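Here are my notes on the model you sent over.

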Amino acid sequence: MPENCYLTGHIATVEDGLIPVWQAVFDEDEWAEEGLCGYIDLEGNLVIEPQYIWAYAFHEGRACVVTDSEYEQTVIITPENEVVAVFPDAANRLGSSYEYRNGLLQLAHYTDDDDLAYIVYFNRNGEEVFRLETENLYNAQVPFSNGTALYLTGKDDPYGGFTDQRSGLFSVEAGILTPPVFATRASDGRLDF
């Protein structure tokens, strides 16, 4: 590992031979108060210099990186560090997938009141191909199985959770296939369909 570099924790799959790392900057008391993210190769060489606020793993030849300290912009890059697309919403929100799966990236869009408005699916060129929008939407499952996935709905409860949790089925090609009629839990959004 290069000096002062640490794994970001987003290495469930190592693709394109690149691993995201955070390079710390220490103060005089040797506390790591700041740093930037980049990518190392499998031999531990920095191949994309630390320049991002946060970096996620490469998957299907693309990676999400956050470029501003307010986490308000997500950029999609290639293994050569070329920018494919720039999105105004950060990826680190509930309902966002952080990675391309089946050629699609899932990013959640929120209202000014911090409510989930809709989830958008982008192709590898950063073009919108589908928008999942339904009442009380709070998450959608990835990856797709046979082109189909679960979406989850629920209402906020006073304790920061959800009540009346239900799920339905959707596909990018056909849209919403069923209304949210299946009983579910918030954790079900992380299960394969």
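1. Ground rules. This is a predicted model, so to speak of local features a pLDDT of at least 70 is needed, side-chain atom pairs count only at pLDDT 80 or more, and totals for chains, interfaces and linings use all residues. Residue numbers start from 1 along each chain as its sequence is written, and side-chain values use heavy atoms, with hydrogens and water left out.

2. Aromatic pairs. Searching the whole structure turns up seven aromatic pairs. Here rings of Phe, Tyr and Trp (its six-membered ring) pair if their centres lie within 6.5 Å; planes under 30 degrees apart are stacked, over 60 edge-to-face, and the rest tilted. One of the pairs is Phe 130 with Phe 170, stacked at 6.0 Å centre to centre with 10° between the planes. Phe 130 sits in strand S11 (residues 128–132) and Phe 170 in strand S14 (residues 162–171), so the pair ties together parts that are 40 residues apart in sequence. Strands, for the record, are DSSP runs (E, at least two residues), numbered from the N terminus.

3. Around that pair. Are Phe 130 and Phe 170 buried or exposed? Phe 130 counts as buried at 12% relative accessibility, and Phe 170 is buried at 0%. The cut-offs are under 20% relative accessible area for buried, over 50% for exposed, and partly exposed in between (1.4 Å probe, protein chains only). Ring pairs also join Phe 130 and Phe 170 with Tyr 121 and Tyr 151 into a cluster.

4. The largest nonpolar core. A core here is a set of buried Ala, Val, Leu, Ile, Met, Phe, Trp, Tyr and Cys residues joined through side-chain atoms within 4.5 Å. The largest one has 14 residues, of which Ile 119, Tyr 121, Leu 132, Ala 140, Phe 144 and Phe 170 touch the most other members. Two or more residues each come from strand S10 (116–122), S11, strand S12 (137–140) and strand S13 (149–156). S10 gives the largest share, three residues. There is also a second, separate core of 12 residues, with Tyr 56, Phe 87, Tyr 100 and Tyr 118 among them.

5. Charges. Which residues make the salt bridges? The whole structure has two of them, taking a salt bridge as a side-chain nitrogen of Lys or Arg within 4 Å of a carboxyl oxygen of Asp or Glu. In one, Glu 99 meets Arg 101 with the closest N and O atoms 2.7 Å apart; Glu 99 is buried at 12% relative accessibility, while Arg 101 is partly exposed at 25%. In the other, Glu 128 meets Arg 131 at 3.2 Å between the closest N and O atoms. Glu 128 is partly exposed at 40%, and Arg 131 is partly exposed at 35%.

6. Arg 131 again. Besides its salt bridge with Glu 128, Arg 131 lies over the face of Tyr 118, 4.1 Å from the ring centre. The test is NZ of Lys or CZ of Arg within 6 Å of the ring centre and within 35 degrees of the ring normal. Tyr 118 is one of the residues of the second core.

7. Strand S6. From S6 (residues 63–66), Ala 63 and Val 65 point one way and Cys 64 and Val 66 the other, and all are buried. In a regular strand the side chains alternate between the two faces of the sheet. S6 runs antiparallel to strand S5 (residues 54–55), joined by two bridges, and antiparallel to S7, joined by four; strands pair if DSSP finds at least two bridges between them. Val 66 is the bridge partner of Trp 54 and stands opposite Thr 74 in S7.

8. Thr 78, in the loop between strand S7 (74–77) and strand S8 (83–87), is buried at 8%. Leaving out residues up to four places away in sequence, Thr 78 touches Ile 48, Phe 58, Gly 61, Arg 62 and Val 84, where contact means heavy atoms within 4.5 Å. Ser 167 lies in S14 and is buried at 4%. Beyond its neighbours within four places in sequence, its contacts include Tyr 151, Pro 179, Pro 180 and Phe 182.

9. An exposed loop residue. Glu 43 is in the loop between strand S3 (32–40) and strand S4 (46–52) and counts as exposed at 64%. Glu 43 and Gly 17 are 26 residues apart in sequence and 9.3 Å apart in space, C-alpha to C-alpha.
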